[in-house]
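Welcome, and please open your viewer.

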Amino acid sequence: MKIVVIGGTGLIGSQVVSKLNEHGHDAIAAAPNTGVNTLTGEGLPEVLAGADVLVDVSNSPSFEDQAVYDFFETSTTNQLAACKAAGVKHHVALSVVGTERMAEKGYFKAKARQEQLIVESGMPYSIVHATQFFEFIKSIAALATDGDTVRLPPVLFQPLASEDVAKAVGRTAVGAPINGIVEVAGPDKFRMDELVRQALRAANDPRTVVTDPDALYFGGYEVDDSTLTPADGAIIGDVRFQDWLERQLAAA
Ligand SMILES: NC(=O)c1ccc[n+]([C@@H]2O[C@H](COP(=O)([O-])OP(=O)(O)OC[C@H]3O[C@@H](n4cnc5c(N)ncnc54)[C@H](OP(=O)(O)O)[C@@H]3O)[C@@H](O)[C@H]2O)c1
């Protein structure tokens with residue numbers, strides 16, 4: 001199968017490309033530095049010629065509200081039009097568990113718009129909803145930091161390793177379109193404040209995590225135990241947080 005991976009040079013995309021190629025597919029990384037820009041449309045018709053599947057694991061370079069909204073709207077609109085023109089048979093996109101519960105503003109409004117465009121496009125599609133990547137935990141801490149204090153709510157979440165996300169995206173790409181959402185999450189649930197505290201301690205980070213039930217997630221979202229966790233039936237990743245953390249610390 002020829003599979004074009006938009007954002008194929010990123011954290012998830014690079015792993016999706018390698019896994020698909022290891023399984024004998026012709027996976028191509030598409031990103032601005034490989035000559036494909038989904039905002040301008042540059043390179044899209046050429047890279048999609050003869051493609052069976054498009055996988056979108058790109059992300060906006062800016063997370064500012066309007067910029068991220070414009071990114072996902074323009075990029076997705078251009079991808080869907082180019083897919084139809086090239087006869088691509090399956091559009092796969094990566095989004096976030098709980099997007100619909102946080103869609104009123106900011107980043108998740110943009111992800112909800114991306115999903116709406118795909119659902120309404122008439123293209124056969126599959127949307128993979130992943131929980132937070134283990135690699136993203138340091139950004140969760142950074143966004144909640146004020147001086148030496150990290151203020152986080154004690155809500156449940158179920159993060160996973162990026163390699164498990166890439167595996168789920170790759171499997172979805174080679175399967176039949178589900179015309180719906182499949183969720184993927186980590187093997188364990190944690191309280192967000194506790195896991196971030198553990199991760200910072202392990203890295204000898206001097207910041208103190210303060211448990212604050214009123215603290216907002218990701219710079220502005222009120223969350224509870226059901227906002228970020230998947231429904232029953234999600235695909236569950238293999239890699240446990242402690243094993244991932246030990247590997248990261250050993251590599252550092
Ligand atoms: N972080 C999380 O915990 C989490 C959880 C669930 C789902 N997700 C979703 O996962 C997806 C991928 O995240 P990631 O962390 O792997 O992203 P990433 O590492 O930041 O990679 C983003 C990719 O998008 C490409 N890109 C940027 N602008 C582009 C454009 N105009 N045209 C084509 N490609 C462009 C980048 O190429 P260049 O490097 O050349 O700019 C890069 O290859 C996102 O959609 C995100 O919503 C994230």
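Here is the tour, stop by stop.

This is a predicted model, in which local features need pLDDT of at least 70, side-chain atom pairs count only at pLDDT 80 or more, and totals for chains, interfaces and linings use all residues. Residues are numbered from 1 along each chain as its sequence is written, and side-chain values use heavy atoms, with hydrogens and water left out.

**Whole chain.** Start with a cartoon view: you will find 8 helices and 12 strands (DSSP runs numbered from the N terminus: H or I of at least four residues for helices, E of at least two for strands). The C-alpha trace spans about 50 × 35 × 35 Å along its principal axes.

**Largest pocket.** Next, select V57, S58, N59, Y107 and F133, which lie nearest the centre of the largest pocket among its 34 lining residues. A pocket here is an open set of points on a 1 Å grid where a 1.4 Å probe fits, with protein on both sides within 12 Å along at least five of seven lines; lining residues have an atom within 4 Å of a point. Its volume is about 730 Å³, meaning the space filled by probe spheres set on the points, joined across faces, edges and corners. Now colour α1 (11-22), β4 (90-96) and α4 (106-119), each of which supplies at least two lining residues.

**Second largest pocket.** Move on to a pocket of about 270 Å³. Of its 14 lining residues, K138, A199, A203, W244 and L245 are the closest to the centre. Finally, highlight α8, which gives the most to this lining, with 5 residues.
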